[in-house]
Amino acid sequence: MSETNRENVKNSGEDSQGSAQAPVPGVAKPSIPAAAHAKPAAAAARPAAKPAAPAEVLPEPRLNNGRGRLLGSARLWPTEVWPNPWARPSFVRGAYWLAGIVAGVLLLGWSVGEISVWANLAYDWAMNLLRLRQVPELWAQGAWSAVKVVVVFHLVALAPLFLVWWERKISAHMQSRLGPMYVGGFHGWAQTIADGIKLMLKEDVSPRAADAWIHLLAPIVAAAPAVLAFAPVYFGSGLTAADIDIGVLYIFAVSGMTVIGIVMAGWGSGNKFSLLGGLRAGAQLVSYELPRTFSVIPVILLVGSLNLTAINDFQSGYWLGFIPRWFIFYPVMGQIAFVIFLIASVAETNRIPFDIPEAESELVAGFHTEYSGMKFSLFFFAEYAYVFLSSALVATFFLGGGNAPLPFLRIWPSWLWFFAKTGLIAFCFLWFRWTFPRFRVDRLMDFNWKFLLPWSFANIAFGAVYLFL
Amino acid sequence: MTTNPAPAPAATAAPEMKTDQMFINMGPQHPSTHGVLRMGLTVEGEKIVRAEPDVGYLHRGSEKLSEVRGYHHCVVLTDRWDYISSMMNNLVFCMAAERLMKIEVPERADDLRTVMCEFNRIASHLLFFGTYGIDIGAFTPFLYAFREREMVLDLFEMVCGARMTFNYIRLGGVMKDLPDPWCGKAKEFLEHFKPRLKEYDDLLSFNPIFLDRTQTVGKVPKDQAVNWGLSGPNLRASGVGYDVRKFAPYASYRKADFEVVVGKDGSCWDRYYCRVREMAQSVRIIEQILDQLKPGPVQGRGVAKVPKPPPGEAYAHIESSRGDLGIYLVSDGGFSPYRMHVRAPSFINLALLQESLVGLKVADVIAVLGSIDIVLGEVDR
């Protein structure tokens, strides 16, 4: 009896505390007789326990520290941070880091110089070695080509990794947040790698309604051209994997093949949202190929070659000693071509404001709704590889490729200038994405066929005028 | 409701193009149906032929639940309808219950209720602003809006400890008086917030792509808006200046000088921009009320712990962030309401969809659906 009595006392003590904090729902039930199910002993013990926890003694709930700062969180308001950001040590530290990185890259570029010089040394050394070992010339050249393929492939594979991280950091800072901060230590630099590993370890799911073969092949068909298209890309003086004479045509032709993979994904997923996304992508990519290609034609007219190295070399030198002879500085023709090419490139890479094939708010995820794990990451990889490719092409066609903007800046090598310009254009891609809303599908087509395409035709005429000057 | 035009006469002899209709289930799990709304869309290519909104996936029976709970507990239930603007739900229930019980609310409590409701309107419209940007494809405005919304929620947390389901407005007054630094923090926020509205306009409101997506879509003429029973910003965007705060002032709205924001043609953009401009009006109201806030009690006298109002009925309605939110309460003299009915503006505004979506594109569905700003918690209750 005493046991149960003690229990009852404890229970009723809790009860009375509960009713002191009346706002807590479910604990205090003044309207429902609380002791209805309790034994008579409990009801008897109740009044005895009441004085143990009088309601007056309970402290007032404290919600803030008296200065308006919440106790539950140490969040700073923008009004506390914005007036003087330099007062925050993390801000100063970040500025130092940024300055250090820029200085480090400049120092690296200055000390390394042209990579092609080192590459030629390595080529001569390797060829001499192989010749001494009496390896046939064909094999030796084949081995050297394989080395080039491996290097370019790694560049193409690593650029998306970096771009994704960069995009996340840039978008985060544009949106007044931090982005990835933990993985890898320094500002989450390894976040993309960790994500990639996660995607590789994921189960390979394919829906029952999907056409298994098409579903499987689609990401491969979409991603393979993204790598192949990099073969003739000019990365700096002498740094081209395959210096072919039809470079521009090759790049446009190969990168145009991705649309097949996307339509396959839309068709083969067995999902209506995917189907809509795939068909939208087909229409969009095929349409935007046209102004994109036509906008480059004036450049090709002037250079007289489809070779990217030739296009780059044509833009070396300066007018009046300080205006670089880049195509973007050709009055009228250069600017129109640049803008059309940039817009069409954003559309080709399916990014906002032209991301209607994967419009999240309408089509869930568009053509890759039913993809996960490694298959999804191939689409993802293809998108970012194309962002890199488009930026590289803009840099080569219009921003002078590896040419320095001012004569005295030629102390830094061409590959550094090339990557700086590519990074600048890639930044524009990211910037557009996090600023603009999305077009509607019919307006997108109008914009292409009624605006971009006529102007790109007109621009060919403008470019032709230069031939007679 | 057949919307297909009559088939062309055979005399044209044009080869008939065979098109297939496709049925798309948009929702209940879809990124932009704002909750668990299901839309059965019949499409021809990208064009909508038929649209059927289907509700009921979030039904929790809170009207029925209120019939077995005391009046104090019903306030807790109200938090869960329109969880984006809980303060207003609290207020409308308390107003109806106070009318039943004939309780006088002290002036300071009325002022605090007004301030909290307007802060909540800002928070709610900010959420709308952000999510509507996402619906149209712009992601960044969302985080800008949330940055400011966090500050409003911090203010709520300071005053009542909760950030979402506040349960702050109680029968006969409010739960607690303001903590000391609250008014200063609130003014700090308002000063911070006013220039932000300009920023939002620069970022989203007048973006050409955004205008292109929203200004021509989903127009609701004045008479149709009235016929459909729209209320709140959706009605005002069509050019009908109906606002409960002006036409049947409650709490302390009589003290404040503010404008009723009215749109022109009821397009998606008008509905959007009405809300953005309403935030500026809310700031005005809060500033005026805070300036004339007088000390005093915040709880009215005569609120029983177990209120048993005399048999009767009462109706109260307020201007919630979604529209004209009303509560009809019937008491039979017992400890819980005999019947509670909610006039939920979200549910009534939803009726707009079925007719206005026909003929639009798939992308416009999201633009229209987002612009009427429904909260499924309130639609289904």
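How many residues does the contact take from chain A, and how many from chain B? Keep that in mind while looking through these close-ups of a predicted model.

**View 1. Where chain A meets chain B.** The contact takes 37 residues from chain A and 44 residues from chain B. On the chain A side, four helices each supply at least two of the touching residues: α3 (78-81), α11 (272-303), α14 (360-363) and α17 (441-468).

**View 2. Chain A as a whole.** Step back for a moment and chain A shows 17 helices and two strands. Of its 469 residues, 35% are buried. Take the contacts in chain A between residues at least 6 apart in sequence: 75% of them join residues at least 24 apart.

**View 3. Inside the largest nonpolar core.** This core has 200 residues, and the ones with the most contacts inside it are A385(A), V92(B) and V365(B). In soluble globular proteins, nonpolar side chains tend to be buried together. Zoom in on V365(B) and, leaving aside residues up to four places away in sequence, you find it touching M26(B), M39(B), L41(B), I48(B), L357(B) and L360(B).

**View 4. A three-stranded sheet in chain B.** Here the strands line up in the order β6-β7-β8 of chain B, forming an open sheet with antiparallel pairing. The edges belong to β6 (312-319) and β8 (339-343) of chain B; each has a single partner strand, so one side of each is left without a neighbour in the sheet. From one strand to the next, the twist averages 10°. Helix α3 (residues 86-101) of chain B packs on this sheet and touches β6 and β7 of chain B. The direction of that helix makes about 150° with that of β6(B).

**View 5. The β6-β7 hairpin of chain B.** Eight bridges pair β6(B) with β7(B) in the antiparallel sense. One pair to look for is A316(B) and its bridge partner in β7(B), I327(B). Four residues sit between the two strands of this hairpin, and G323(B) takes a positive phi near 155°.

**View 6. From β7 across to β8 in chain B.** What joins strand β7 (residues 324-331) of chain B to β8(B)? Five bridges do, with the two strands running antiparallel. For a landmark, find L329(B), whose bridge partner in β8(B) is M340(B).

Conventions: Residues are numbered from 1 along each chain as its sequence is written. Chains are lettered from A and ligands numbered from 1 in the order in which they are written. This is a predicted model: local features need pLDDT of at least 70, side-chain atom pairs count only at pLDDT 80 or more; totals for chains, interfaces and linings use all residues. Two residues are in contact if their C-beta atoms, placed from the backbone, lie within 7 Å. A nonpolar core is a set of buried Ala, Val, Leu, Ile, Met, Phe, Trp, Tyr and Cys residues joined through C-beta atoms within 7 Å. A residue is buried if 20 or more other C-beta atoms lie within 10 Å of its own, exposed if 12 or fewer, and partly exposed in between; C-beta atoms are placed from the backbone. Two strands pair if DSSP finds at least two bridges between them. Axes are lines fitted to C-alpha atoms, for helices over the stretch in contact, and angles run from 0 to 180 degrees between N-to-C directions.
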